[in-house]
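Please walk me through this protein model.

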Amino acid sequence: NGTSTVKTITQTVGKAINTGDPNHILLWGGMALVSAGALIAILIVRRKKEKDEEKAAVNRQILECYLAAGIDINSRDSDGTPMLNIACRSDNLEAVKWIVELGADINAVSEDRGYTALMDAVWRGNKEITEYLISQKAELNTISKEGQTNLVLAVGADKTEIVQLLAENGADPDIADAMGMSAYGYAQLFKKDNILAILEKYHKE
């Protein structure tokens, strides 16, 4: 029931605090009062870095308790960043898969950069997460607040393998950014011959 779930949550969070994992969780009147998104942001990041398997298991247990209590898997942190994006920014493939499997909106856009989870993975240069999100039918041609597409981000960072992944799965190399330049145009301008060779067959203009 609800009372026992809250008790379990409080006890689990208390255990985490006593072992120093995670930080920034407050107990108030026996209840765990914390932003769902902020909590999971902490746990996702720390789960990636944690070397101690027992403490890592505590992190997962806390996440599962909060979700069991009814916290929305699409919760965001105080900056408006969805949990899925946080996992991508932490290069945490395990958390990315778990959150997607629990039904998170794969195309949710963060309020800070206007990035989807896929854009965060591309920005990080994380091929594994990029490949996984593409396999889950993530939108490929989203445009960020700054007018950038996934391909523009990948070309700018010289991520040739990610450029190929995006292009062969349907990302458009001709969408112009806020400067009026496309991914294909940037590859031409900066003489990125390897990338141009990939994009050439998808270029239509």
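The mean pLDDT of the chain is 80. A value of 70 or more is reached by 70% of the residues. Over residues 16-35, however, the pLDDT is below 50. That stretch still has 40 contacts in the model beyond near neighbours in sequence. Where pLDDT is low, predicted coordinates should not be read in detail.

Next, the make-up. The chain holds 11 helices and two strands. Of the 205 residues, 48% count as buried. Take the contacts between residues at least 6 apart in sequence: 63% of them join residues at least 24 apart. The accessible surface comes to about 10400 Å². Carbon and sulfur atoms account for 49% of that surface.

Now turn to helix H7, residues 127-135. At its start, a side-chain oxygen of Asn126 reaches to within 3.2 Å of the backbone nitrogen of Glu128. Which residues of H7 are buried? They are Ile129, Thr130, Tyr132, Leu133 and Ile134. An α-helix has 3.6 residues a turn, so residues three or four places apart point the same way.

What do the buried residues of H7 pack against? Their partners are four helices: H4 (83-89), H5 (93-101), H6 (117-124) and H9 (160-168). After H7 comes Lys137, with a positive phi near 70°.

Technical notes. Residues are numbered from 1 along each chain as its sequence is written. Side-chain values use heavy atoms; hydrogens and water are left out. Buried means under 20% relative accessible area, exposed over 50%, partly exposed in between (1.4 Å probe, protein chains only). Contact means heavy atoms within 4.5 Å. A polar contact is a pair of N or O atoms within 3.5 Å; within protein, one must be able to donate a hydrogen and the other to accept it, and residues adjacent in sequence count only if both atoms are side-chain atoms. pLDDT is the predictor's confidence in each residue, from 0 to 100. Accessible areas come from the Shrake-Rupley method with a 1.4 Å probe; for residues, only the protein chains shown count as cover.
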